[in-house]
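Have a look at the model first, then follow along.

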Amino acid sequence: MSHEYCGEQTERHIRLLRLLNELNVYIAEETELERALVFTGETVRRALGAGMCVALMEEQEQNLQVWVDTDREESRYCFGLKALASERQVLEDGAVQILYPQKQSVRVTLLPLHTYGTLCLLPIQHNEKRHGVLYVFHEQEMVIEGDLLEFLEGVAARLSIAVYNWQQQQDLQYQRRKLQLLYDMMAVAADADKNIEDVLELVHRQIAETFHCSRVIIGLVDEAGEKIVLSNASGKVNTKWAGSLTLPASVGGDRRHEEAFRTGLPVVVKDGRYDERCRDAAHLLDLYSGVTVPIMYKDNPLGVIYADNKEHRRFTDMQLQFLTAIARQLGTVIMNVRQYEHIKTLAVTDGLTGLHTRQYFSERYAEEYASAERYNMPLCLIMIDIDDFKKINDTYGHVVGDNVLVAVSHMVQRQVRAYDIVARYGGEELILLLPRTQLEDAYRIVERIRMAFRSLDFSFLITASIGLAAYPYHAQNKEELLMLADDAMYRVKHQGKDRIKIAKNKLGTV
């Protein structure tokens with residue numbers, strides 16, 4: 001062997017060691033696995049002029065998933081290994097295979113690699129655990145001498161460290177995010193000013209930021225338990241699909257939620273195009289892979305979380321545990337918030353009529369009056385008293401009297417606007433607050449209410465005495481305005497009933 005050849009060998013060996021050192025430094029500093037894989041591919045190209053592919057093991061299915069392929073621009077995809085596949089032998093034995101596909105028959109699963117002159121398969125392993133396979137391929141036939149083999153084994157070893165560190169980092173990240181999100185959920189749920197929408201927005205945003213899926217959707221089961229209504233969604237959502245989320249699932253429709261509710265477990269879809277549970281939905285949503293997680297309280301389905309992708313996405317045990325834990329806690333939070341909102345509703349709602357209570361009205365009246373003063377806006381107050389209500393009770397009984405109160409309350413609510421406030425003020429008295437309303441407009445509303453009394457479905461006529469007062473026309477403080485509306489109503493009582501009386505203003509005129 002000539003001195004010149006030995007010198008070339010030495011120079012090549014030194015160059016390969018330097019490239020390995022550069023790769024080692026990069027991997028030690030890089031936290032994103034994909035960037036580390038891309039840099040590794042560039043390093044292999046500089047060293048050998050060869051291409052590189054990395055396929056990592058999916059432990060749940062014992063498949064391999066391609067993460068990077070320097071010669072092909074393709075999305076991530078998975079492939080299964082046949083019994084005698086070369087990759088399976090590499091994973092089982094932990095031994096390197098050097099193949100020459102143009103000279104010999106090979107059992108490599110990735111078919112495009114069969115066209116290359118030289119193909120090397122190396123295990124990506126750490127502490128005897130196999131993480132995947134490193135493919136290095138060259139168009140020409142190459143003799144893989146000792147220093148080249150040493151270089152390739154060094155690349156595989158450094159990739160193993162990168163994959164292991166990434167997996168540890170992912171696990172730690174999901175644990176931290178899970179704990180933080182659980183804490184945030186409880187903090188939002190404990191805030192009396194927050195509602196279910198606030199909780200759902202928090203969870204939706206955190207899942208979207210954590211998983212980087214093409215689309216994250218949260219839907220809740222409606223009160224009738226017949227369908228799922230979408231509440232939060234990132235990415236475009238097909239309306240036809242959204243309308244098909246029924247319980248039970250429609251024939252030919254998306255059935256992922258139904259299976260999730262039945263089992264209480266996440267439903268993982270690897271390729272929606274061939275999955276009978278969501279084949280039509282996959283077409284409507286451009287869905288390739290995804291996970292559907294049930295939101296439940298005990299055994300009751302409350303909703304569902306969809307994390308869908310347009311390409312293959314591997315969901316690890318840690319990710320599924322993360323989503324499951326969040327969904328379970330979300331189910332508890334939803335029930336707690338609903339119960340709290342129900343209790344709040346009971347506290348401010350009259351049990352018979354469904355109107356607001358006098359206490360609630362007093363609080364809102366103070367707020368609206370202060371706002372009217374601050375912004376110089378009109379405000380009207382209306383007192384309604386059902387005429388001869390005691391006579392109705394004495395003649396027809398208290399059950400009929402209660403029915404009259406309920407019917408009147410519902411009728412009045414139908415006649416006013418969404419932002420108007422209606423409350424039961426006394427036994428048969430109702431009070432209305434009309435914010436940002438001029439006296440003339442309020443009078444038209446009140447007259448409509450007075451006439452609507454005649455349409456109530458009872459065997460006897462029901463009428464009311466109504467008093468109306470307006471700010472700032474009639475009074476300069478909220479106590480005076482309330483007193484004037486009440487006084488106007490009582491004047492009607494003494495002047496014949498079934499009519500409207502406008503309060504006297506400060507000059508004594510109406």
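1. Let me begin with the sheet: 5 strands form an open sheet in the order β13-β14-β12-β15-β16, and the pairing is mixed. Strands β13 (421–424) and β16 (499–502) are the edges, each pairing on one side only. From one strand to the next, the twist averages 20°. Helices here (H or I, at least four residues) and strands (E, at least two) are DSSP runs, numbered from the N terminus, and two strands pair if DSSP finds at least two bridges between them.

2. A word on conventions. This is a predicted model, in which local features need pLDDT of at least 70 and side-chain atom pairs count only at pLDDT 80 or more, while totals for chains, interfaces and linings use all residues. Residues are numbered from 1 along each chain as its sequence is written, and side-chain values use heavy atoms, with hydrogens and water left out.

3. Within the sheet, strands β12 (residues 379–386) and β14 (residues 429–435) run antiparallel and are joined by 7 bridges.

4. Helix α13 (residues 439–452) packs on it, touching β12, β14, β15 and β16, and its direction makes about 160° with that of β16. Helix α10 (residues 358–375) lies across β12, β13, β14 and β15 (464–471), at about 25° to β14. Contact means heavy atoms within 4.5 Å; axes are lines fitted to C-alpha atoms, for helices over the stretch in contact, and angles run from 0 to 180 degrees between N-to-C directions.

5. Helix α13 also has a helical partner: α12 (residues 398–415) packs with α13 at about 145°, their axes 10 Å apart. Met 411, Val 412 and Gln 415 of α12 meet Ile 445, Arg 448, Ile 449 and Ala 452 of α13. By class, the residues of this contact are 5 nonpolar, 1 polar and 1 charged (Ala, Val, Leu, Ile, Met, Phe, Trp, Tyr, Cys and Pro count as nonpolar, Asp, Glu, Lys and Arg as charged, and the others, Gly among them, as polar).

6. Which residues of helix α7 (residues 256–263) are buried? They are Arg 256, His 257, Ala 260 and Phe 261. These residues lie on the same side of α7 because they cover an arc of only 130° around the axis, the arc being that of the directions from the helix axis to the C-beta atoms. Buried means under 20% relative accessible area, exposed over 50%, and partly exposed in between (1.4 Å probe, protein chains only).

7. His 257 has 0% relative accessibility, so this residue counts as buried. Leaving out residues up to four places away in sequence, His 257 touches Ile 228, Leu 245, Thr 246, Leu 247, Ala 249, Thr 292, Val 304 and Tyr 306. Just after α7, Gly 264 has a positive phi of about 75°.

8. Finally, some backbone geometry to check. Most residues other than glycine have a negative phi, and most peptide bonds are trans. Cis peptide bonds join Leu 247 to Pro 248, with omega about 0°, and Tyr 471 to Pro 472, with omega about 5°. Pro 248 lies in the loop between α6 (239–242) and α7, and Pro 472 in the loop between β15 and α14 (478–494). In the loop between α14 and β16, Lys 497 has a positive phi near 65° and is partly exposed, at 27% relative accessible area. Asp 498, in the loop between α14 and β16, has a positive phi near 50°.
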